[in-house]
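Please keep the structure in view while reading.

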Amino acid sequence: MPSDLPPDEPSAERDLRHAESVALARDLIRIDSTNGNETPVAELLADRLASAGVEVELVARDPARANLIARIPGTGAGPSLALVGHSDVVPADPRDWTHPPFAGVLDDAGYLWGRGAVDMKNEVAARAAAMASLARSGWRGRGDLLLVIVADEEDGAAEVGMNWLVTQRPDIATTYALNEGGGFGFRLADGRHMVEVSVGEKGTCPVRVDALGEAGHASTPTVGDNAVPRLGELLRRIGRGEPEPQDHPAVRTMLDALLGDGSVDRLGLAGAIDSASRLHPVLRDSLPSVAGTTMAPTVLHGSTARNVMPARAGVELDCRILPGTTEDEVIAAVRRRLGDDLPYEVYLAEPAVHGNASGASGALWDLVSTWCAEHLGAAPMPTLCSGFTDSVYLRRAFGTVAYGFSPFLTTPTEVVEAGYHNRDERIHVDDIALSADFHAFAARHLLGG
Ligand SMILES: [Zn+2]
C-alpha cells in the first residue's frame, strides 16, 4: 500500500489510520441508512471522533436525519478546509446482491462489499479517519479543518441535509472543500494515466415538448389531427438528445488537459472533442455529453383514452446544462433541434437546478495534482460531474473551491463505476486507506501547522 506524507509521521499512527478507516467503513455500511435514517451514522462518527479529541456536534432539522459537524480549530488566520460527505445511501434489494448489502462482508481478495462501499461510506470513513489521526497527533492547522457529513444527499427533497445546513450554519463556510465525484483513473490510448478530479457539476433543466394537433375519434384516423404521430416526428429530430458542443471555460479546461493548451483554437471545438473522445472508450460517451446541453427524451404523455386521438402529445426531456446556461438558452436549443415547421410548444417541466464549478487552478488544484503525480503516477483530469453533489451548495453559499476527489488505485475503475446505485457495490480496502492518507496529507499541506 502506498505510504504517505509526512515522512516523519510514526508508522504506528499511519497503520492505525489505515485500520481505523477500513473498520469504520465496514461499521458504517452495516447501518442501513437508506435515505431517511442517517442519525445512527452521525452518532457513530461523532463517537469515534470525540474519542480522538475532535469537537463534534450533531445538527438536525429532523431528529432521524442528523448532520455531523466536526472541527479541529485553526491557530490563526489561514485557509480552511472542509472534508465533506453524505451519510445516506440509495435503496438496495438484497435479492440482487452476491453478499447482503448491509452486512459489510470483507472477502479474501480484500474487497469490502455493501451499499455505500463507493457512494460514499468509503470516503466518509477515510475522511473521518484522517481527521481522527490528525487530532491524535496533536496537529492543528492555521485555518480550521472541518468534517461535514450530511443527510439526504441522494434525494435532497426533504431539505434536511446540505441545502438546509448552509442556510443555518454559516460557520461551515471554508476556503476549500473535498467531496465525492472524482478519483477514478484511466489510461489513455497514448499511454498517459489520468485521474478524474471533479471541478464542478452540471445542472438540470427538465423541459417538456408538446406536439399540437386536434382531437378525433380513433376509429377514423384521418379525421382531426392526431398529435401522437407528430410527436413521433419531433422525437426523431431530438434523437438520443446529444448536445450541440458549447464553447465553455470548463469544456476548454477538460480538452486542454487531454490535448494540450489551446486545443480548441488549434482544432476547433468539434474537432477537439472528437480527438479527445478517441483517447479512451469512457471519453467517447462522457466527453460529448458533458460539453453542452443534453436533452435525453424519457417520459411520454399521450391520450388518456385509447379511443381518443389526442390534441396534445408530449415528451419530457431530461436536459443537463453547463454552469451558466439559462432556461431561455435551453428552450432555444430545443427549438433549434425541432425546427419551426411543425406546431408544438416547449416549456419548463420543472424549475431548473443550476450547477456551478470551481476553476482548475490554485492551491487545492496544485495539491491534488502533486499528490496524483507522486502517488499515482497520474495527471489530473478536470471533469464536470453530470450528476449532482452537495458541492453545488457550498460553492453557491460560500464561494468555496470544492472538488470531488478521493483516489482509487487498486479497485478497477469499471468495478467502481458499476457499483454506483447498483448491485454488488464494493471497494478494495487499500483504496480506503489510501484515501485516508490523501486527506491527512491534504489537511497538513493546505492548512500548514
Ligand atoms: Zn454520493
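In this predicted model, strand β3, which covers residues 81-86, pairs with strand β5, residues 145-150, in the parallel sense over 6 bridges. Within that pairing, Val 84 has Val 148 of β5 as its bridge partner. β3 also pairs with strand β6, residues 176-179, again in the parallel sense and over 3 bridges, and here the partner of Leu 81 is Tyr 176. β6 in turn is joined to β18 by 4 bridges, and these two strands run parallel, with Ala 402 of β18 standing as the bridge partner of Ala 177. The pairings that involve β3 and β6 are set side by side below.

| Strand pair | Sense | Bridges |
|---|---|---|
| β3 and β5 | parallel | 6 bridges |
| β3 and β6 | parallel | 3 bridges |
| β6 and β18 | parallel | 4 bridges |

Turning to the helices, α3 spans residues 121-136, has 16 residues and reaches 22 Å from its first C-alpha to its last, close to the 22 Å expected at 1.5 Å a residue. This helix is mostly covered, since 15 of its 16 residues are buried. After α3 comes Gly 138, whose phi is positive, near 80°. Helix α1, residues 11-29, has 19 residues and a reach of 27 Å from first to last C-alpha, which is close to the 27 Å expected at 1.5 Å a residue. Among the buried residues of α1 are Arg 17, His 18, Glu 20, Val 22, Leu 24 and Ile 29. The buried residues of α1 pack against α2 (39-51), β4 (111-113), α3 and α14 (429-447).

The chain as a whole contains 14 helices and 19 strands. Its radius of gyration is 24 Å, close to the 22 Å that the globule rule gives for 449 residues, so the chain is as compact as a globular protein of that length. The C-alpha atoms fill a box of roughly 85 × 55 × 45 Å, taken along the principal axes. Of the 449 residues, 47% count as buried, and among the contacts with a separation of 6 or more, 77% are between residues 24 or more positions apart.

The chain is divided into domain 1, made of residues 11-188 + 355-447, and domain 2, made of residues 203-348. The C-alpha centres of the two domains lie 34 Å apart, and the contact between them takes 11 residues from domain 1 and 13 residues from domain 2. On the side of domain 1 that touches domain 2, β16 (356-357) and β17 (379-385) each supply at least two residues, and the largest share, 4 residues, comes from β17.

Two single residues complete the picture. Pro 206 sits in the loop between β9 (203-204) and β10 (207-212), and it counts as partly exposed because 19 C-beta neighbours lie inside 10 Å, where 20 or more would be needed for a buried residue. Although Pro 206 and Leu 348 are 142 residues apart along the chain, their C-alpha atoms are separated by 6.1 Å. Leaving aside residues up to four places away in sequence, Pro 206 touches Glu 316, Asp 318, Cys 319, Ala 349 and Glu 350.

Leu 300 lies in strand β12, residues 294-301. Why does Leu 300 count as exposed? The reason is that 12 other C-beta atoms lie within 10 Å of Leu 300, and a residue with 12 or fewer is classed as exposed. Leu 300 and Tyr 393 are 93 residues apart in sequence and 32 Å apart in space, C-alpha to C-alpha.

Notes. Residues are numbered from 1 along each chain as its sequence is written. This is a predicted model: local features need pLDDT of at least 70, side-chain atom pairs count only at pLDDT 80 or more; totals for chains, interfaces and linings use all residues. The radius of gyration is taken over C-alpha atoms; the globule rule is 2.2 Å times the number of residues to the power 0.38. Two residues are in contact if their C-beta atoms, placed from the backbone, lie within 7 Å. The expected span of a helix is 1.5 Å times one less than its number of residues. Domain bounds come from an automatic or database domain assignment. Two strands pair if DSSP finds at least two bridges between them.
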